[in-house]
Amino acid sequence: MKQTPWLGFSIDRGAAMPVFEQICAAIRLRAASGDLALGSKLPPTRVFATELGVSRSTIVTAYEQLVAEGYLSSQQGSGYLLCASGEVELTQVRDLTPPAASEPVARNSGLQPRSSAARPFRAGSPDMRLFPYRQWAKTVARVCRSDPQSLFLGSSGFGSLALRQSICDHVAEWRGISALPEQVIVTAGATDALEICLHALATPGDRVALEDPGYRPLQYFINAQGLVSDFLRVDDSGAVLPSGRVAPRLAILTPSHQFPLGGAMSPARRMEFIQWASETEAWIVEDDYDSEFRYAGRPIPAMAGFDQLHRTLYVGSFSKIFSNALRLGYLILPEPLVGRFGDSIQRFGPKASSMPQQPLADFIDKGEFYRHLRRVRRIYAERRRFLLEKLAQDFSAYGYCVDHQAGMQVVFHLTCTLKDHEICARARDLGLSIEPLSGFVQAPKPERDAYNGLLLGFCGYSVPELELGLAQLLKVLQQLSC
Ligand SMILES: Cc1ncc(COP(=O)(O)O)c(C=O)c1O
C-alpha cells in the first residue's frame, strides 16, 4: 500500500468502495475537519497519481466529483483549489438517511452552483452542477460585445446559420451524417422537433408508428393532431416492423438507444426499416436524444447516416449534453423535404429562442462543448458503474439490470412479485423520484405485465447521493416484501 505524504492516506484495493471514491472521501474528511485550509491548492493530478500508484484519470475523476459537490473549484492553468472547508451541511440529502461521517456535503462557497435537494433517480437529467458556467458566461459576453445582433437573428425560422453549420460538423464527426446547413432546423429541443415532424409529414387520420414502450409526449401530440397510433413491440433487435394493412406515414424510432429499455437496434432490423420506408414511401424519424452518452467503444452510427438521409429524418438534442433549460435541439431533413418543413415552420412559427444560438455555435467551434462532453461522460460513467455494481450486489433478490453501456438511466427489471408503480409511489414518499417502467407501455394486459421495472437515472447525482438513494430504495423493497 502506498501512502501519500500529502494526505497521509493510502488506497485500500481490497475495499468495496471504488478507488476514486476513497480519494474523494479522504479529501472530504480533511476539508470537513479543517486539516485542509480553504483555498489550498491540491497536488497536480499527475503528481498525486504517482504518489498513490493509481492512474491519472482516477485522480481527475475524484477531483471532478468534488468539483461537482462544491468542495473544489477548477481553474484552467491553476489546478484545483479547496473552496469549502470545515462547514458541512446536509442540504442535498435532507430527506434521506444521514450520510456516513466521512461523506459530508460541502457548503458551497459560491464558486459552484448549488443544486436543490437531490431526489434520486430522476431519468434524463444532466447534473447542472457540472455545467461550465464560467466558460459559457465568457462565450455569451464575447458574442454580446463582438456581434450583439446575432443574438436576435433567427435566419428564416430555421435558426442561426452559424449554429446549423456547427451542428452539421458535429453530426458528421459523431454520427456519420453528411448534411448541409440548409437541411438543419434548430428546434426547442428534441420534443419540438418530433412535433414539427408530425405536423409536416402527417394529416389527421394518418397512422404513425411508435415504439411501445416509448416516449410518452408523442402519444399526446398524436392525439392532439387527430392521428392514429400504430404501436410497435420492441424485441431484442429493437422495434418490430409495422404489420397492419394500412402502412403508417411515418415511424418514430430510437435506434441507437431505445427509450426507455435501452438496447440498440440491430443492423439487420435497421436495414429492414429502411427498406420498408422505401417500399411504402413512409418516413423514419430517428430520435437520437442521448446518443453522445456511450460508455464503451465508439458511438453507434446513426440510422440517418446509413440511409444517407434518404427516407430518414434525424432528431438530436442539446438538453442531455448541455442543459434541459437551454431548450435547444435540431432536426436534419432529407433535401426534398426542406420546402415542406419551411412552410410548416412559417405556419406554426419557430419555438427555439434565438438568444443562445450564436453563443452555442461558438462554444462548439471553440471546443468547449467537447471538453464539457468528455468531462461529464467520464463522471457519468463512474456513477453508472457504481449504480450497476450496487444493484447487482445488494438488489439481486428483487431483479436485475441489462448493461447497455449507454444513456442516462438504467432499467431495473423486477423479478419479484412487487409491482413497479407501488414501489415508485412508496419511494416518492421518502423523497425519491423513480418512474415505473409500466408507465411507458401502451399495450393492454397481459403483454403489459411483461414490463415491471424501475427507471433509475444516475447522471444528476453524485456517488454519495446515489448511495443514499439506494439505501432508501432497499428499505422500500424490504418493507413492501414483508
Ligand atoms: C426518447 C426521448 N426523446 C426526446 C426527448 C426530449 O428531449 P428534449 O429535452 O430535447 O426535448 C426525451 C427526453 O427525455 C426522450 O427520452
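The model is a predicted one. The buried positions in helix 11 are Gln 357, Gln 358, Pro 359, Leu 360, Ala 361, Asp 362, Phe 363 and Ile 364. Their cover includes helix 4 (133-146), helix 5, strand 7 (184-187) and helix 12 (368-394). Just after helix 11, Gly 367 has a positive phi of about 90 degrees.

## Packing of helix 5 on helix 11

Two packed helices are described by the angle between their axes and the distance between the axes. For helix 5 (residues 161-175) and helix 11 (residues 357-365), the angle is about 35 degrees and the axes are 8 Å apart. The crossing of helix 5 and helix 11 is left-handed.

On the helix 5 side, the contact is made by Ala 162, Leu 163 and Ser 166. These meet Gln 357, Gln 358, Leu 360, Ala 361, Ile 364 and Asp 365 of helix 11. By class, this contact of helix 5 with helix 11 consists of 5 nonpolar, 3 polar and 1 charged residues.

## Aromatic pairs

The structure contains 21 aromatic pairs. One of them, Tyr 215 with Phe 259, is edge-to-face, with 6.0 Å from centre to centre and 85 degrees between the planes. Tyr 215 is in the loop between strand 8 (207-212) and helix 7 (217-224), and Phe 259 is in the loop between strand 11 (250-253) and helix 8 (267-280), so the pair ties together parts 44 residues apart in sequence. Tyr 215 is partly exposed at 31% relative accessible area, whereas Phe 259 is buried at 13%.

Phe 273 and Trp 276 also form a pair, with ring centres 6.0 Å apart and planes at 85 degrees, so this pair is edge-to-face. Both residues belong to helix 8, where they are 3 residues apart, about one turn of the helix. An α-helix has 3.6 residues a turn, so residues three or four places apart point the same way. Phe 273 is buried at 0% relative accessibility, and Trp 276 is buried with a relative accessible area of 8%.

Ring pairs join Phe 131, Tyr 133, Trp 136, Trp 174, Tyr 314, Phe 318, Phe 322, Tyr 330, Phe 363, Phe 369 and Tyr 370 into a cluster. Phe 363 in this cluster is also one of the buried residues of helix 11.

Two arginines lie over aromatic rings. Arg 216 is placed over the face of Phe 440, at 4.2 Å from the ring centre. The charged end of Arg 311 sits over the ring of Trp 283, at 3.8 Å from its centre.

## The loop at Ala 188

Ala 188 is located in the loop between strand 7 and helix 6 (189-201). With a relative accessible area of 15%, Ala 188 falls under the 20% cut-off and is therefore buried. Leaving aside residues up to four places away in sequence, Ala 188 touches Arg 327, Leu 328, Gly 329, Lys 351 and Ala 352. The C-alpha atoms of Ala 188 and Ala 352 are separated by 4.2 Å, although the two residues are 164 residues apart along the chain.

## The chain as a whole

The secondary structure of the chain amounts to 14 helices and 18 strands. Of its 482 residues, 58% are buried. Among contacts between residues at least 6 apart in sequence, 71% join residues at least 24 apart.

Key. Residues are numbered from 1 along each chain as its sequence is written. This is a predicted model: local features need pLDDT of at least 70, side-chain atom pairs count only at pLDDT 80 or more; totals for chains, interfaces and linings use all residues. Side-chain values use heavy atoms; hydrogens and water are left out. Axes are lines fitted to C-alpha atoms, for helices over the stretch in contact, and angles run from 0 to 180 degrees between N-to-C directions. Helices (H or I, at least four residues) and strands (E, at least two) are DSSP runs, numbered from the N terminus. A crossing is left-handed if the near helix is turned anticlockwise from the far one by less than a right angle, and right-handed if clockwise. Contact means heavy atoms within 4.5 Å. Ala, Val, Leu, Ile, Met, Phe, Trp, Tyr, Cys and Pro count as nonpolar, Asp, Glu, Lys and Arg as charged, and the others, Gly among them, as polar. Rings of Phe, Tyr and Trp (its six-membered ring) pair if their centres lie within 6.5 Å; planes under 30 degrees apart count as stacked, over 60 as edge-to-face and the rest as tilted. Buried means under 20% relative accessible area, exposed over 50%, partly exposed in between (1.4 Å probe, protein chains only). A charge sits over a ring if NZ of Lys or CZ of Arg is within 6 Å of the ring centre and within 35 degrees of the ring normal.
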